[in-house]
Amino acid sequence: MSKSEEFMLRLELMALQDAYVAALDNDRLEEWPEFFADDCFYEIIPKENTSLGLPAPIMYCDNKSMMRDRVISLRNANIYSPQAYKHFLSGYEIRADKGEEIQLTANYLVVNTNQDGNSFIFQAGLYEDRVVRTPSGLRFKSKRAIFDTSKVLTLLAYPV
Amino acid sequence: MSKSEEFMLRLELMALQDAYVAALDNDRLEEWPEFFADDCFYEIIPKENTSLGLPAPIMYCDNKSMMRDRVISLRNANIYSPQAYKHFLSGYEIRADKGEEIQLTANYLVVNTNQDGNSFIFQAGLYEDRVVRTPSGLRFKSKRAIFDTSKVLTLLAYPV
Amino acid sequence: MSKSEEFMLRLELMALQDAYVAALDNDRLEEWPEFFADDCFYEIIPKENTSLGLPAPIMYCDNKSMMRDRVISLRNANIYSPQAYKHFLSGYEIRADKGEEIQLTANYLVVNTNQDGNSFIFQAGLYEDRVVRTPSGLRFKSKRAIFDTSKVLTLLAYPV
(Lines give C-alpha, C1' and ligand atoms only; values in the text may rest on other atoms or scores of the structure.)
Protein backbone atom coordinates (compact mmCIF):
# COMPACT_ATOMS: atom_id res chain seq x y z
CA MET A 1 0.00 0.00 0.00
CA SER A 2 1.48 3.37 -1.01
CA LYS A 3 1.69 6.23 1.47
CA SER A 4 -1.06 8.05 -0.40
CA GLU A 5 -3.35 4.99 -0.30
CA GLU A 6 -2.59 4.59 3.40
CA PHE A 7 -3.66 8.17 4.12
CA MET A 8 -6.81 7.79 2.03
CA LEU A 9 -7.71 4.67 4.02
CA ARG A 10 -7.09 6.58 7.26
CA LEU A 11 -9.46 9.31 6.13
CA GLU A 12 -12.06 6.78 5.06
CA LEU A 13 -11.89 5.05 8.46
CA MET A 14 -12.17 8.39 10.27
CA ALA A 15 -15.24 9.16 8.15
CA LEU A 16 -16.75 5.78 9.09
CA GLN A 17 -16.22 6.36 12.82
CA ASP A 18 -17.48 9.94 12.56
CA ALA A 19 -20.67 8.79 10.84
CA TYR A 20 -21.10 6.06 13.46
CA VAL A 21 -20.88 8.39 16.46
CA ALA A 22 -22.97 11.07 14.73
CA ALA A 23 -25.79 8.53 14.25
CA LEU A 24 -25.66 7.58 17.95
CA ASP A 25 -25.36 11.11 19.28
CA ASN A 26 -28.06 12.60 17.06
CA ASP A 27 -30.71 10.07 18.08
CA ARG A 28 -30.68 8.11 14.83
CA LEU A 29 -30.37 4.83 16.68
CA GLU A 30 -32.07 2.86 13.89
CA GLU A 31 -29.00 3.47 11.72
CA TRP A 32 -26.73 1.81 14.26
CA PRO A 33 -26.99 -1.82 12.97
CA GLU A 34 -26.46 -0.61 9.39
CA PHE A 35 -22.83 0.28 10.17
CA PHE A 36 -22.12 -3.43 10.54
CA ALA A 37 -21.49 -6.23 8.03
CA ASP A 38 -24.14 -8.96 7.84
CA ASP A 39 -21.87 -11.35 9.73
CA CYS A 40 -20.82 -9.27 12.72
CA PHE A 41 -20.52 -8.89 16.44
CA TYR A 42 -20.64 -6.01 18.88
CA GLU A 43 -19.84 -5.88 22.55
CA ILE A 44 -19.22 -3.45 25.40
CA ILE A 45 -16.78 -4.98 27.83
CA PRO A 46 -14.77 -3.78 30.84
CA LYS A 47 -11.02 -3.51 30.41
CA GLU A 48 -10.14 -5.64 33.45
CA ASN A 49 -12.01 -8.57 31.92
CA THR A 50 -10.20 -8.48 28.61
CA SER A 51 -6.89 -8.46 30.48
CA LEU A 52 -7.85 -11.46 32.60
CA GLY A 53 -9.45 -13.26 29.66
CA LEU A 54 -12.78 -13.35 31.50
CA PRO A 55 -15.22 -11.62 29.20
CA ALA A 56 -18.46 -10.51 30.84
CA PRO A 57 -19.86 -7.96 28.43
CA ILE A 58 -22.55 -5.55 29.55
CA MET A 59 -23.87 -5.73 26.00
CA TYR A 60 -23.33 -8.38 23.38
CA CYS A 61 -24.82 -8.87 19.90
CA ASP A 62 -23.50 -11.45 17.44
CA ASN A 63 -25.76 -10.58 14.54
CA LYS A 64 -27.72 -7.67 13.13
CA SER A 65 -31.12 -8.97 14.27
CA MET A 66 -29.99 -8.80 17.88
CA MET A 67 -28.85 -5.26 17.25
CA ARG A 68 -32.19 -4.28 15.72
CA ASP A 69 -34.03 -5.86 18.65
CA ARG A 70 -31.91 -3.86 21.03
CA VAL A 71 -32.87 -0.65 19.24
CA ILE A 72 -36.58 -1.53 19.51
CA SER A 73 -36.18 -2.32 23.22
CA LEU A 74 -34.42 0.97 23.82
CA ARG A 75 -37.11 2.90 21.96
CA ASN A 76 -39.89 1.15 23.90
CA ALA A 77 -38.14 1.55 27.26
CA ASN A 78 -37.52 5.22 26.70
CA ILE A 79 -40.01 6.48 29.23
CA TYR A 80 -37.67 9.18 30.45
CA SER A 81 -36.65 12.32 28.63
CA PRO A 82 -33.90 11.50 26.17
CA GLN A 83 -30.41 11.97 27.54
CA ALA A 84 -27.70 13.66 25.55
CA TYR A 85 -24.50 11.81 24.68
CA LYS A 86 -21.51 13.11 22.74
CA HIS A 87 -18.65 10.92 21.54
CA PHE A 88 -15.06 12.08 21.00
CA LEU A 89 -12.45 9.92 19.26
CA SER A 90 -8.68 10.11 19.02
CA GLY A 91 -5.53 8.03 18.71
CA TYR A 92 -6.40 5.96 15.64
CA GLU A 93 -4.17 2.96 14.99
CA ILE A 94 -4.65 1.09 11.74
CA ARG A 95 -3.32 -2.29 10.68
CA ALA A 96 -4.19 -3.23 7.13
CA ASP A 97 -1.42 -5.53 5.98
CA LYS A 98 -3.46 -8.03 4.05
CA GLY A 99 -6.13 -5.79 2.60
CA GLU A 100 -8.92 -8.24 3.42
CA GLU A 101 -9.74 -6.96 6.85
CA ILE A 102 -8.65 -3.76 8.54
CA GLN A 103 -7.87 -3.71 12.24
CA LEU A 104 -8.49 -0.39 13.89
CA THR A 105 -8.25 0.89 17.44
CA ALA A 106 -9.19 4.34 18.73
CA ASN A 107 -9.71 6.04 22.07
CA TYR A 108 -13.28 7.05 22.77
CA LEU A 109 -14.79 9.40 25.30
CA VAL A 110 -18.54 9.66 25.87
CA VAL A 111 -19.78 12.78 27.61
CA ASN A 112 -23.28 12.63 29.00
CA THR A 113 -25.50 15.52 30.00
CA ASN A 114 -28.25 14.59 32.42
CA GLN A 115 -31.65 16.18 32.86
CA ASP A 116 -30.28 18.69 35.35
CA GLY A 117 -28.00 20.02 32.62
CA ASN A 118 -24.77 18.68 34.13
CA SER A 119 -22.20 17.26 31.73
CA PHE A 120 -19.84 14.56 32.96
CA ILE A 121 -17.65 11.77 31.62
CA PHE A 122 -19.92 8.81 31.05
CA GLN A 123 -17.35 6.42 29.65
CA ALA A 124 -13.74 6.40 28.45
CA GLY A 125 -12.32 3.44 26.61
CA LEU A 126 -10.86 1.89 23.50
CA TYR A 127 -12.63 0.80 20.33
CA GLU A 128 -11.08 -2.40 19.00
CA ASP A 129 -12.61 -2.81 15.56
CA ARG A 130 -12.33 -5.01 12.52
CA VAL A 131 -13.56 -3.36 9.33
CA VAL A 132 -14.36 -4.93 5.95
CA ARG A 133 -15.09 -3.45 2.57
CA THR A 134 -18.60 -4.30 1.33
CA PRO A 135 -20.50 -3.22 -1.80
CA SER A 136 -22.10 -0.48 0.38
CA GLY A 137 -18.75 0.77 1.68
CA LEU A 138 -16.73 0.11 4.84
CA ARG A 139 -18.60 -1.78 7.55
CA PHE A 140 -17.71 -3.11 11.01
CA LYS A 141 -17.24 -6.86 11.10
CA SER A 142 -16.74 -6.45 14.80
CA LYS A 143 -16.63 -3.60 17.27
CA ARG A 144 -15.55 -4.00 20.86
CA ALA A 145 -15.91 -1.04 23.17
CA ILE A 146 -13.43 -1.83 25.97
CA PHE A 147 -14.16 0.66 28.73
CA ASP A 148 -11.90 1.88 31.54
CA THR A 149 -14.73 3.41 33.55
CA SER A 150 -16.29 0.78 35.78
CA LYS A 151 -19.19 2.90 37.01
CA VAL A 152 -21.30 2.09 34.00
CA LEU A 153 -25.03 1.55 34.31
CA THR A 154 -25.94 -1.92 33.14
CA LEU A 155 -29.71 -1.55 33.06
CA LEU A 156 -30.54 -1.86 29.34
CA ALA A 157 -27.29 -0.41 28.11
CA TYR A 158 -27.21 2.04 25.23
CA PRO A 159 -24.67 1.32 22.45
CA VAL A 160 -21.46 3.34 22.51
CA MET B 1 -17.96 14.65 -6.36
CA SER B 2 -15.38 11.85 -6.54
CA LYS B 3 -14.34 9.97 -3.42
CA SER B 4 -10.96 11.67 -3.51
CA GLU B 5 -12.55 15.14 -3.78
CA GLU B 6 -14.87 14.23 -0.92
CA PHE B 7 -11.92 13.31 1.34
CA MET B 8 -10.04 16.47 0.39
CA LEU B 9 -13.11 18.52 1.33
CA ARG B 10 -13.32 16.65 4.65
CA LEU B 11 -9.70 17.50 5.40
CA GLU B 12 -10.23 21.10 4.40
CA LEU B 13 -13.24 21.40 6.72
CA MET B 14 -11.31 19.78 9.57
CA ALA B 15 -8.52 22.30 8.99
CA LEU B 16 -11.07 25.14 9.13
CA GLN B 17 -12.54 23.93 12.43
CA ASP B 18 -9.07 23.30 13.87
CA ALA B 19 -7.96 26.82 12.99
CA TYR B 20 -11.18 28.20 14.46
CA VAL B 21 -10.80 26.50 17.85
CA ALA B 22 -7.06 27.21 17.96
CA ALA B 23 -7.77 30.94 17.57
CA LEU B 24 -10.30 30.84 20.43
CA ASP B 25 -8.20 28.68 22.75
CA ASN B 26 -4.95 30.56 22.19
CA ASP B 27 -6.41 33.95 23.07
CA ARG B 28 -6.49 35.30 19.52
CA LEU B 29 -10.07 36.40 19.89
CA GLU B 30 -9.69 39.17 17.31
CA GLU B 31 -9.38 36.50 14.60
CA TRP B 32 -12.77 35.05 15.51
CA PRO B 33 -14.95 37.22 13.20
CA GLU B 34 -12.54 36.61 10.30
CA PHE B 35 -13.60 32.95 10.12
CA PHE B 36 -17.00 34.12 8.91
CA ALA B 37 -18.31 35.26 5.54
CA ASP B 38 -19.39 38.90 5.26
CA ASP B 39 -23.04 37.89 5.33
CA CYS B 40 -23.17 35.59 8.35
CA PHE B 41 -24.70 34.68 11.64
CA TYR B 42 -23.49 33.06 14.83
CA GLU B 43 -25.40 31.86 17.85
CA ILE B 44 -25.01 29.77 21.01
CA ILE B 45 -28.30 28.13 21.80
CA PRO B 46 -29.52 25.42 24.19
CA LYS B 47 -30.56 22.12 22.70
CA GLU B 48 -34.00 22.03 24.33
CA ASN B 49 -34.91 25.27 22.58
CA THR B 50 -34.02 24.08 19.12
CA SER B 51 -36.15 20.98 19.68
CA LEU B 52 -39.15 23.03 20.80
CA GLY B 53 -38.62 25.66 18.13
CA LEU B 54 -38.23 28.34 20.79
CA PRO B 55 -34.87 29.90 20.16
CA ALA B 56 -33.45 31.92 23.06
CA PRO B 57 -29.76 32.16 22.27
CA ILE B 58 -27.31 33.16 25.00
CA MET B 59 -25.31 34.84 22.24
CA TYR B 60 -26.42 36.01 18.83
CA CYS B 61 -24.62 37.94 16.09
CA ASP B 62 -26.05 38.39 12.61
CA ASN B 63 -23.13 40.27 11.09
CA LYS B 64 -19.41 40.70 11.51
CA SER B 65 -19.66 44.14 13.15
CA MET B 66 -21.63 42.62 16.02
CA MET B 67 -18.95 39.97 16.35
CA ARG B 68 -16.17 42.56 16.44
CA ASP B 69 -18.09 44.57 19.04
CA ARG B 70 -18.41 41.46 21.14
CA VAL B 71 -14.66 40.93 21.02
CA ILE B 72 -14.04 44.52 22.15
CA SER B 73 -16.54 44.11 25.01
CA LEU B 74 -14.88 40.91 26.11
CA ARG B 75 -11.44 42.50 26.03
CA ASN B 76 -12.66 45.51 28.03
CA ALA B 77 -14.57 43.39 30.55
CA ASN B 78 -11.64 41.12 31.13
CA ILE B 79 -10.83 42.34 34.62
CA TYR B 80 -10.13 38.84 35.88
CA SER B 81 -7.18 36.64 35.05
CA PRO B 82 -7.77 35.00 31.69
CA GLN B 83 -9.39 31.59 31.93
CA ALA B 84 -8.18 28.66 29.90
CA TYR B 85 -10.48 26.93 27.45
CA LYS B 86 -9.71 23.95 25.23
CA HIS B 87 -12.01 22.72 22.46
CA PHE B 88 -12.22 19.12 21.23
CA LEU B 89 -14.15 18.14 18.09
CA SER B 90 -15.33 14.82 16.73
CA GLY B 91 -18.06 13.17 14.69
CA TYR B 92 -17.96 15.32 11.56
CA GLU B 93 -20.91 14.93 9.21
CA ILE B 94 -20.71 16.68 5.86
CA ARG B 95 -23.42 17.34 3.31
CA ALA B 96 -22.20 18.97 0.14
CA ASP B 97 -24.57 17.85 -2.58
CA LYS B 98 -24.85 21.04 -4.54
CA GLY B 99 -21.38 22.45 -4.10
CA GLU B 100 -22.63 25.97 -3.35
CA GLU B 101 -22.89 25.62 0.37
CA ILE B 102 -21.54 22.90 2.64
CA GLN B 103 -23.52 21.75 5.65
CA LEU B 104 -21.41 20.45 8.46
CA THR B 105 -22.11 19.18 11.96
CA ALA B 106 -19.59 18.14 14.60
CA ASN B 107 -19.60 17.34 18.31
CA TYR B 108 -17.75 19.83 20.43
CA LEU B 109 -16.46 19.66 23.98
CA VAL B 110 -15.07 22.70 25.79
CA VAL B 111 -12.90 22.02 28.82
CA ASN B 112 -12.31 24.94 31.13
CA THR B 113 -9.61 25.31 33.74
CA ASN B 114 -10.43 27.83 36.44
CA GLN B 115 -8.06 29.93 38.48
CA ASP B 116 -7.73 27.21 41.11
CA GLY B 117 -6.27 24.93 38.45
CA ASN B 118 -9.28 22.62 38.25
CA SER B 119 -10.30 21.40 34.80
CA PHE B 120 -13.93 20.54 34.15
CA ILE B 121 -16.39 20.19 31.29
CA PHE B 122 -17.59 23.67 30.48
CA GLN B 123 -19.86 22.81 27.58
CA ALA B 124 -20.71 19.83 25.35
CA GLY B 125 -22.76 20.29 22.23
CA LEU B 126 -23.12 20.19 18.47
CA TYR B 127 -21.84 22.65 15.89
CA GLU B 128 -24.38 23.05 13.09
CA ASP B 129 -22.52 24.99 10.43
CA ARG B 130 -22.96 26.21 6.90
CA VAL B 131 -19.71 26.85 5.08
CA VAL B 132 -19.08 28.72 1.83
CA ARG B 133 -16.06 29.05 -0.40
CA THR B 134 -14.80 32.63 -0.63
CA PRO B 135 -11.76 34.14 -2.38
CA SER B 136 -9.96 33.90 1.01
CA GLY B 137 -10.87 30.25 1.51
CA LEU B 138 -13.63 28.45 3.39
CA ARG B 139 -15.67 30.65 5.72
CA PHE B 140 -18.67 30.09 8.00
CA LYS B 141 -21.88 31.51 6.59
CA SER B 142 -23.47 30.43 9.83
CA LYS B 143 -22.38 28.63 12.95
CA ARG B 144 -24.78 27.45 15.60
CA ALA B 145 -23.35 26.01 18.81
CA ILE B 146 -26.23 23.92 20.17
CA PHE B 147 -25.24 22.97 23.70
CA ASP B 148 -26.47 20.08 25.86
CA THR B 149 -25.08 21.52 29.08
CA SER B 150 -27.61 23.87 30.63
CA LYS B 151 -25.36 25.17 33.42
CA VAL B 152 -23.78 27.77 31.16
CA LEU B 153 -22.89 31.19 32.48
CA THR B 154 -24.75 33.84 30.52
CA LEU B 155 -22.97 36.92 31.81
CA LEU B 156 -21.18 38.26 28.72
CA ALA B 157 -20.70 34.89 27.07
CA TYR B 158 -17.45 33.98 25.37
CA PRO B 159 -17.74 32.50 21.85
CA VAL B 160 -17.39 28.72 21.56
CA MET C 1 3.62 23.75 -0.90
CA SER C 2 0.48 22.94 -2.89
CA LYS C 3 -2.88 22.55 -1.18
CA SER C 4 -2.77 18.82 -1.76
CA GLU C 5 0.73 18.52 -0.25
CA GLU C 6 -0.43 20.63 2.69
CA PHE C 7 -3.34 18.27 3.38
CA MET C 8 -1.11 15.21 3.06
CA LEU C 9 1.27 16.72 5.61
CA ARG C 10 -1.67 17.42 7.91
CA LEU C 11 -2.75 13.78 7.70
CA GLU C 12 0.80 12.59 8.27
CA LEU C 13 1.12 14.76 11.38
CA MET C 14 -2.24 13.53 12.68
CA ALA C 15 -1.03 9.96 12.15
CA LEU C 16 2.15 10.75 14.11
CA GLN C 17 0.22 12.19 17.06
CA ASP C 18 -2.28 9.34 16.95
CA ALA C 19 0.50 6.76 17.07
CA TYR C 20 2.17 8.67 19.91
CA VAL C 21 -0.90 8.76 22.15
CA ALA C 22 -1.84 5.17 21.27
CA ALA C 23 1.59 3.99 22.47
CA LEU C 24 1.17 5.88 25.77
CA ASP C 25 -2.44 4.85 26.36
CA ASN C 26 -1.95 1.18 25.49
CA ASP C 27 0.92 0.66 27.92
CA ARG C 28 3.67 0.52 25.30
CA LEU C 29 5.76 3.03 27.19
CA GLU C 30 9.02 1.65 25.78
CA GLU C 31 8.02 3.03 22.36
CA TRP C 32 7.74 6.55 23.75
CA PRO C 33 11.40 7.66 23.19
CA GLU C 34 11.32 6.24 19.66
CA PHE C 35 8.90 8.97 18.55
CA PHE C 36 11.70 11.48 19.02
CA ALA C 37 14.69 12.47 16.88
CA ASP C 38 18.14 11.66 18.27
CA ASP C 39 18.70 15.28 19.17
CA CYS C 40 15.52 16.15 21.06
CA PHE C 41 13.86 17.50 24.13
CA TYR C 42 10.64 16.86 25.97
CA GLU C 43 8.99 18.72 28.80
CA ILE C 44 5.74 19.03 30.72
CA ILE C 45 5.32 22.57 31.90
CA PRO C 46 2.53 24.64 33.46
CA LYS C 47 0.99 27.36 31.30
CA GLU C 48 1.48 30.17 33.83
CA ASN C 49 5.23 29.58 33.73
CA THR C 50 5.54 29.82 29.98
CA SER C 51 3.63 33.12 30.05
CA LEU C 52 5.88 34.58 32.74
CA GLY C 53 9.03 33.16 31.17
CA LEU C 54 9.77 31.17 34.33
CA PRO C 55 9.97 27.58 33.22
CA ALA C 56 9.73 25.00 36.01
CA PRO C 57 8.87 21.79 34.21
CA ILE C 58 7.46 18.85 36.15
CA MET C 59 9.30 16.65 33.69
CA TYR C 60 12.24 17.45 31.47
CA CYS C 61 14.38 15.28 29.17
CA ASP C 62 16.88 16.74 26.72
CA ASN C 63 17.96 13.48 25.10
CA LYS C 64 16.66 10.01 24.42
CA SER C 65 18.72 8.33 27.14
CA MET C 66 16.96 10.41 29.77
CA MET C 67 13.67 9.37 28.24
CA ARG C 68 14.60 5.69 28.32
CA ASP C 69 15.74 6.04 31.96
CA ARG C 70 12.41 7.58 32.81
CA VAL C 71 10.59 4.62 31.27
CA ILE C 72 12.69 2.18 33.33
CA SER C 73 12.01 4.19 36.51
CA LEU C 74 8.30 4.20 35.80
CA ARG C 75 8.29 0.45 35.18
CA ASN C 76 10.23 -0.20 38.39
CA ALA C 77 8.12 2.17 40.47
CA ASN C 78 4.89 0.69 39.25
CA ILE C 79 3.95 -1.02 42.48
CA TYR C 80 0.30 -0.08 42.10
CA SER C 81 -2.20 -1.45 39.66
CA PRO C 82 -1.74 0.27 36.33
CA GLN C 83 -3.93 3.29 35.85
CA ALA C 84 -5.80 3.94 32.64
CA TYR C 85 -5.15 7.08 30.63
CA LYS C 86 -6.78 8.15 27.38
CA HIS C 87 -5.60 11.09 25.27
CA PHE C 88 -7.81 13.18 22.99
CA LEU C 89 -6.40 15.72 20.52
CA SER C 90 -7.94 18.53 18.53
CA GLY C 91 -7.27 21.95 17.06
CA TYR C 92 -4.14 21.20 15.04
CA GLU C 93 -2.21 24.22 13.80
CA ILE C 94 0.65 23.62 11.42
CA ARG C 95 3.41 25.95 10.30
CA ALA C 96 5.73 24.48 7.70
CA ASP C 97 6.99 27.39 5.69
CA LYS C 98 10.57 26.34 5.21
CA GLY C 99 10.17 22.59 4.92
CA GLU C 100 13.09 21.85 7.25
CA GLU C 101 11.16 21.77 10.48
CA ILE C 102 7.44 21.68 11.06
CA GLN C 103 5.89 23.58 13.93
CA LEU C 104 2.72 22.04 15.27
CA THR C 105 0.36 22.85 18.10
CA ALA C 106 -2.67 20.87 19.23
CA ASN C 107 -5.02 20.79 22.20
CA TYR C 108 -4.75 17.69 24.34
CA LEU C 109 -7.02 16.23 26.97
CA VAL C 110 -5.98 13.32 29.17
CA VAL C 111 -8.76 11.39 30.89
CA ASN C 112 -7.72 9.17 33.75
CA THR C 113 -9.68 6.34 35.29
CA ASN C 114 -8.61 5.46 38.81
CA GLN C 115 -8.80 2.12 40.56
CA ASP C 116 -12.32 2.84 41.80
CA GLY C 117 -13.45 3.06 38.19
CA ASN C 118 -14.04 6.81 38.19
CA SER C 119 -13.02 8.73 35.07
CA PHE C 120 -12.00 12.36 35.38
CA ILE C 121 -10.02 15.01 33.55
CA PHE C 122 -6.39 14.45 34.46
CA GLN C 123 -4.87 17.19 32.36
CA ALA C 124 -5.86 19.64 29.63
CA GLY C 125 -3.27 21.57 27.72
CA LEU C 126 -1.47 22.40 24.50
CA TYR C 127 1.20 20.42 22.68
CA GLU C 128 3.78 22.76 21.19
CA ASP C 129 5.85 20.53 18.95
CA ARG C 130 8.64 20.75 16.41
CA VAL C 131 8.74 17.85 13.98
CA VAL C 132 11.49 16.80 11.58
CA ARG C 133 11.61 14.31 8.76
CA THR C 134 14.09 11.48 9.41
CA PRO C 135 14.92 8.34 7.40
CA SER C 136 12.47 6.49 9.71
CA GLY C 137 9.67 9.02 9.15
CA LEU C 138 8.44 12.05 11.07
CA ARG C 139 9.90 12.43 14.56
CA PHE C 140 9.57 15.02 17.34
CA LYS C 141 12.59 17.26 17.66
CA SER C 142 10.84 18.75 20.65
CA LYS C 143 7.54 18.32 22.40
CA ARG C 144 6.29 20.64 25.09
CA ALA C 145 3.11 19.71 26.93
CA ILE C 146 1.92 23.05 28.32
CA PHE C 147 -0.85 22.23 30.76
CA ASP C 148 -3.69 24.42 32.03
CA THR C 149 -4.56 22.14 34.91
CA SER C 150 -2.43 22.96 37.93
CA LYS C 151 -3.56 20.05 40.09
CA VAL C 152 -1.06 17.69 38.50
CA LEU C 153 0.71 15.08 40.58
CA THR C 154 4.45 15.63 40.40
CA LEU C 155 5.60 12.40 42.03
CA LEU C 156 7.42 10.61 39.21
CA ALA C 157 5.33 12.05 36.42
CA TYR C 158 4.13 9.92 33.55
CA PRO C 159 4.70 11.32 30.04
CA VAL C 160 1.69 12.90 28.34
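User: In this predicted model, what makes the pairing of the Glu12(B) and Arg133(B) side chains a polar contact?

Analyst: The distance. The two side chains come to 2.9 Å. The cut-off for a pair of N or O atoms is 3.5 Å, with one able to donate a hydrogen and the other to accept it. The pair of Glu12(B) and Arg133(B) therefore counts as a polar contact.

User: Where does Glu12(B) sit, and which residues is Glu12(B) in contact with beyond its neighbours within four places in sequence?

Analyst: Glu12(B) lies in helix H1 of chain B, residues 3–25. Its contacts are Arg133(B) and Leu138(B), plus Lys3(C) and Phe7(C) from chain C.

User: Why is Glu12(B) called buried?

Analyst: Its relative accessible area is 12%. Buried means under 20%, so Glu12(B) qualifies.

User: Is Trp32(B) buried or exposed, and how do you know?

Analyst: Buried. Its relative accessibility is 1%, and the limit is under 20%. Trp32(B) is in the loop between H1 and strand E1 (36–46) of chain B. Leaving out residues up to four places away in sequence, Trp32(B) touches several residues, including Tyr20(B), Leu24(B), Tyr42(B), Met59(B) and Pro159(B).

User: How far apart are Trp32(B) and Gln103(B)?

Analyst: In sequence, 71 residues; in space, 20 Å from C-alpha to C-alpha.

Note on methods. Residues numbered from 1 in each chain as written. Chains lettered and ligands numbered in written order. Predicted model: local features only at pLDDT ≥ 70, side-chain atom pairs only at ≥ 80, totals over all residues. Heavy atoms only, no water. Helix = DSSP H or I, 4+ residues; strand = E, 2+ residues; numbered from the N terminus. Buried < 20%, exposed > 50% of the residue type's maximum accessible area, 1.4 Å probe, protein only. Contact = heavy atoms within 4.5 Å.
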